[in-house]
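Thanks for making the time this morning.

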Amino acid sequence: MARFSLVAVNYNNAKYTKIMIESLLCVIDSIDSIIIVDNASEEADYNNLIEYRDQMGSEKLLLVKSEENIGYFPGLNLGLKYLSRKTS
């Protein structure tokens with residue numbers, strides 16, 4: 001069975017990022033790891049993601065914080081860099 005990793009970019013939308021991840025976990029049971037790149041969200045939103053990571057278990061979900069909003073595609077690239085480190 002194929003295994004998958006998920007990279008998501010968040011900016012002040014932790015609520016919807018969590019809903020998206022939960023939805024994907026319901027239909028794809030072979031997700032090995034999840035990387036969320038936080039694109040310099042407000043502190044409360046970022047803290048919401050930290051709580052979510054702690055609930056899921058830090059082995060499965062990696063939270064990467066960007067100190068500035070670098071945009072969607074650069075955020076994905078940042079997440080992919082962490083993914084390549086994790087799988088090598």
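This is a predicted model: local features need pLDDT of at least 70, side-chain atom pairs count only at pLDDT 80 or more; totals for chains, interfaces and linings use all residues.

**A walk through the model**

Let me begin on a helix, with Ala44, whose place is in helix α2. Is Ala44 buried or exposed? It is exposed, because its relative accessible area is 59%. If you look from there to Lys15, which is 29 residues away from Ala44 along the chain, you will find the two C-alpha atoms separated by 11 Å.

Now to the sheet. It is an open sheet of three strands in the order β1-β2-β3, and the pairing is parallel. The edge strands are β1, residues 4-10, and β3, residues 61-66, each of which pairs on one side only. From one strand to the next, the twist averages 15°.

Taking the pairings one at a time, β1 and β2 run parallel and are joined by seven bridges. Within that pairing, Ala8 stands opposite Ile36 in β2, and Val9 stands opposite Val37 in β2. On to the next pairing: strand β2, which covers residues 31-39, pairs with β3 in the parallel sense over six bridges, and here Ile35 is the residue that stands opposite Leu62 in β3.

How many residues of β2 are buried? Eight of the nine are, so β2 is largely enclosed by the rest of the structure. Strand β1 is mostly covered, with five of its seven residues buried.

Next, the helices. Helix α1, residues 14-27, packs on the sheet and touches β1 and β2, and its direction makes about 165° with that of β2. Helix α2, residues 43-56, lies across β1, β2 and β3, and runs at about 160° to β3.

The two helices also pack on one another: α1 and α2 meet at an angle of about 25°, with their axes 9 Å apart. Because an angle under 35 degrees counts as roughly parallel, α1 is described as roughly parallel to α2. If you want to find this contact on the screen, look on the α1 side for Ala14, Lys18, Ile21, Glu22 and Leu25, which meet Asp45, Asn48, Leu49, Tyr52 and Met56 in α2.

Let me turn to the loops, where two residues deserve a careful look at their backbone. Most residues other than glycine have a negative phi. Asn12, however, has a positive phi of about 55° although it is not a glycine, and it lies in the loop between β1 and α1. Asn12 counts as partly exposed because its relative accessibility is 26%. The other residue is Ala40, which also is not a glycine and has a positive phi of about 60°; its place is in the loop between β2 and α2. With a relative accessibility of 23%, Ala40 counts as partly exposed.

Gly57 is buried, because its relative accessible area of 14% falls under the 20% cut-off. Its C-alpha atom is separated by 20 Å from that of Ser84, a residue 27 positions away from Gly57 along the chain.

I will finish with the aromatic side chains. How many aromatic pairs does a search of the whole structure find? The search finds one, and that pair is made by Tyr72 and Phe73, in an edge-to-face arrangement with 5.1 Å from centre to centre and 80° between the planes. As for accessibility, Tyr72 is partly exposed, with a relative accessible area of 48%, whereas Phe73, at 59% relative accessibility, counts as exposed.

Methods
Residues are numbered from 1 along each chain as its sequence is written. Side-chain values use heavy atoms; hydrogens and water are left out. Two strands pair if DSSP finds at least two bridges between them. Helices (H or I, at least four residues) and strands (E, at least two) are DSSP runs, numbered from the N terminus. Axes are lines fitted to C-alpha atoms, for helices over the stretch in contact, and angles run from 0 to 180 degrees between N-to-C directions. Contact means heavy atoms within 4.5 Å. Buried means under 20% relative accessible area, exposed over 50%, partly exposed in between (1.4 Å probe, protein chains only). Rings of Phe, Tyr and Trp (its six-membered ring) pair if their centres lie within 6.5 Å; planes under 30 degrees apart count as stacked, over 60 as edge-to-face and the rest as tilted. Angles under 35 degrees count as roughly parallel, over 145 as roughly antiparallel, 65 to 115 as roughly perpendicular and the rest as oblique.
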